[in-house]
Amino acid sequence: MTAAALSGSATAHLRRGFPSAVDPCALSLNENPLPPLPAVRSALTESIGAANRYPDFLPTRLRRLVADHVGVPETSVAIGPGASGLAIRVLSATASPGDRIVLSQPTFDGYPVFARIAGLAMVDVPLDGYGHYDLVALSRAAADARVVVLCRPHNPTGTLEPVADVERFIASVPERTIVLLDEAYIEFVSPGQRIDVPDLIRRFPNVVVLRTFSKAYGLAGLRIGYALAAPGLAGTLWAMQVPFGISTSCTVAVAASYDAEAQLQQRIAHIVAERSYLRSRLRASGIYTTDSHANFVYLPAAGRPWREMFDGTDLRVRSYPDGAVRITVGARSSTRMVLSAVEQALSAPGSFTSEQ
């Protein structure tokens, strides 16, 4: 076999292992169920033709795009490989091995990993029975911690703490404690329930807000995230930017996404409506779900592990050690598959019940 043939067969083998852009069974990672918007795909196709050229030494153009869109100075923005990459950078820049980091229990799977990488001591504060933070307990734990993480909406429960409560919590935290406010799912929150981030980082120089283009924007594979903070803290994060670390395709994709804002909002509205439909159908079946404001629903632990409901199906959902499960909101075809699995499980002996 020629070298070209060998190369071609290796490429074909690898491509068969790549994920499909549309997969109604992929409900475990909170990905957007649809491919990037047509205008974004077109821009990416055009940009890849210059893959032989280096990107910007530092992502200054992307930084400017984000700053203008959010309404903050460029000096308040840092760019990174997804919100996860920025979270690690925040911990590296602001904490030392042995320092304490306060997390909720449960929380986004990445945060315990990031804490271990940074050598931090983790303090877990349990959520209440409805998936909400105990902000008083969180504030008490943060009193002698270097970092405290607050996800809004929360992952994995999808719950949303009121703006006033969050601001009171931040005000109660010592100024030396970094508040990592994770807003990975903020685009799915109604505008009236969002925090005024430009004002927040102006008033609280110890707050870092993390956002991502992986969820609502459907660009998880490109790994693009950004942090918003007061210029002093954001400047520290910006100084840690890896040269040539953000591809030109990332900048192009963000610009095209911003230009297609109306289409993006239509997609978000569709996912939010599907989330409401799935929750209502589950509740009608007697299954309690938390009041999610993200692109997923969460079923708290209730006796039998919820993952058993999906045994024997092709559905991939995120299960937790206590028996809880998180289900990404997909297209209507995904919802039908979830509801079918639920119906079969409820009609079987030893049925599931969880109404609270």
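In this briefing, Ala, Val, Leu, Ile, Met, Phe, Trp, Tyr, Cys and Pro count as nonpolar, Asp, Glu, Lys and Arg as charged, and the others, Gly among them, as polar. The model is predicted: local features need pLDDT of at least 70 and side-chain atom pairs count only at pLDDT 80 or more, while totals for chains, interfaces and linings use all residues. Residues are numbered from 1 along each chain as its sequence is written, and side-chain values use heavy atoms, without hydrogens and water. A pocket is an open set of points on a 1 Å grid over the protein atoms alone where a 1.4 Å probe fits, with protein on both sides within 12 Å along at least five of seven lines; its lining residues have an atom within 4 Å of a point.

**Largest pocket**
- This pocket holds about 720 Å³ of space, a volume being the space filled by probe spheres set on the points, which are joined across faces, edges and corners.
- Its lining has 32 residues, and Pro19, Ser20, Ala21, Glu31 and Asn32 lie nearest the centre.
- By class, the lining comprises 18 nonpolar, 10 polar and 4 charged residues.
- The pocket lies between domain 1 (10-37 + 260-342) and domain 2 (51-257), because both give residues to its lining; the domain bounds come from an automatic or database domain assignment.

**Second largest pocket**
- About 420 Å³ of space lies in this pocket.
- Of its 25 lining residues, Ser84, Phe108, Asn155, Tyr185 and Lys215 lie nearest the centre.
- The lining divides into 11 nonpolar, 7 polar and 7 charged residues.
- Domain 1 and domain 2 each supply at least three residues of this lining.
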